[in-house]
Amino acid sequence: MRHRLLVPGAAALSLVLAVPASAADFTPGAPGVGDTYYPESGNGGYDVSHYDLRLKYQPKTDLLQGTATLLATTTQDLSRFNLDFALKVSEIRVNGKKARFATSGKHELEVTPATPLEKGKQISVVVRYADKPSQVKIDDYSAWARTPDGGVVAQEPDAAVWWFPSNDHPTDKATYDVSVAVPDGTQALSNGVLASQSSKLGWTRYNWRSDKPQATYLTTLAVGKFDITTDTTANGLPVINAVSKDLGANEGSAKASIARTTEATEWLESVFGPYPFNAVGGYVPNVPAHYALETQTRPFYGKKAFDKGTNVSVVVHELAHQWYGDSVSLKDWKDIWINEGFAAYSQWLWSEKEGDGTAQQLADYVYAQHPANDPFWKVRPGNPGAENQFDDAVYDRGALALQALRNKVGDKVFFGLLKSWPTEHRYGNASVADFVKFASKKSGKSLDGFFHTWLFEPTRPAAGAAREALVASHKKVAEPRSWREIAAATHGVHGVHGH
């Protein structure tokens, strides 16, 4: 004989709520966030809020030893989750308990905690590791560059996998404490402010803190021997600049260029609004690279960026990224225009301020250099494709689009947009579509068709009757004085990146 258990309605509900999720309800986090260009970048199932990196680096052997602590919140019931990391791991603990781990793909570290993780819970992940990062190759490449006196990591869109485990996509930003021990007489640079420094038994430890949201690829580390200078902006912001002691013939031009950081930052605040972070500066290590990168609060400049002499334009470009790209980061790598188009246009505005050619003169010159059949117009800045992500057209045509927008809405609305966008989206992520919607709302004009023409059509846009006549009436439009420095700051300088 069977008996039925009868429970009042409220009691039945409490029993249902008390039943824990079954094992079947816990699933692995995705091995990528589904980025259009780099689907394996990032991971699903959790959001990181803070990275604590405690490192030790020996330049002579290139041995990097580390303990990384990640604080995160689960976004689903997790049976396991992935980290993006390529170095050798010895131990992982989740919430203090040892976890199993395995590797897969090019840089996936699969972590299985001792017990499944419920959605919405705060978790800690501790990863111990040691390896020689310059010898770790992904597609025959390492983002870690050895120098005569140390090592440097600064690449886009991937760099973190060579020195700390992470959720490696710009949509998961976090704060950072980066503590690095190096042999006495050697320095370690990272993002933010130097919270403390101490020496013991032949090693000096530098503790850097970045207290505002920061994307993984914008996190940098440089070990070597530097001439370091400090300053403050008019608003009291600490400025930390560093130049390698062995740059050779480029030393003077490198120092003269980044010495303008304070001035450029103060000017950019007048254009884009208050600076969003706790420090600013830049560094030039002895890396034989042409490119520069907007690593947050402390842009990286390869020494070859100064092969042709002083280049303040590249400094303005990377500092402009602190607003456009760092504070307001892209949602997907196809949205690269909201980084590079604006940083490139900041160089045009700097030229205008310096009296070396107005933004309109630069626009007329760039437009005239590329006839309708030029492949330049085939690249669509609004979605250039991974193979063209850092093509010159993303910068130059991207800046052209902004000058065209300025002409369409007028200076008052345009410069209002330049300030309100990074203010209203501070520390967040945004897409090209988000900016189009934002600009349309702020200007009171429907701009969808306008942006489609300038950013998405693989043809030369009409520049307007007056500008077309100007270009047609000259065999050669005059080159603004600033153009060669601007081109040197973006053409080729931004053409070498990690992917």
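Visitor: Which residues of helix α10 are buried?
Guide: In this predicted model, Phe450, Phe451, Trp454 and Leu455 are buried in α10, which spans residues 448–456.

Visitor: What puts them on the same side of α10?
Guide: Their arc around the axis. They cover only 100°, so they share one side of the helix.

Visitor: What covers the buried residues of α10?
Guide: The cover includes α5 (337–354), α7 (392–409) and α9 (432–443).

Visitor: How many aromatic pairs does the structure hold?
Guide: There are 35 aromatic pairs. One of them is Tyr141 with Trp162.

Visitor: Why is the pair of Tyr141 and Trp162 called edge-to-face?
Guide: Two values decide. The ring centres lie 5.8 Å apart, and pairing needs them within 6.5 Å. The planes stand at 90°, and edge-to-face needs over 60 degrees. Therefore the pair is edge-to-face.

Visitor: Where in the chain do Tyr141 and Trp162 sit?
Guide: Tyr141 is in the loop between β8 (122–131) and β9 (144–147). Trp162 is in the loop between β10 (150–153) and β11 (174–183). They are 21 residues apart, and the pair links distant parts of the chain.

Visitor: Why does Trp162 count as buried?
Guide: Its relative accessibility is 3%. Buried means under 20%, so Trp162 qualifies.

Visitor: And why does Tyr141 count as partly exposed?
Guide: Tyr141 has 23% relative accessibility. That value falls between the 20% and 50% cut-offs, so Tyr141 is partly exposed.

Visitor: Which ring does the charged end of Arg460 sit over?
Guide: The ring of Tyr367, at 3.9 Å from its centre. Lys56 lies over the face of Trp203, 4.3 Å from the ring centre. The distance cut-off is 6 Å.

Conventions. Residues numbered from 1 in each chain as written. Predicted model: local features only at pLDDT ≥ 70, side-chain atom pairs only at ≥ 80, totals over all residues. Heavy atoms only, no water. Buried < 20%, exposed > 50% of the residue type's maximum accessible area, 1.4 Å probe, protein only. Helix = DSSP H or I, 4+ residues; strand = E, 2+ residues; numbered from the N terminus. Arc of directions from axis to C-beta. Contact = heavy atoms within 4.5 Å. Phe/Tyr/Trp six-rings, centres within 6.5 Å; stacked < 30°, edge-to-face > 60°. Lys NZ or Arg CZ within 6 Å of the ring centre and 35° of its normal.
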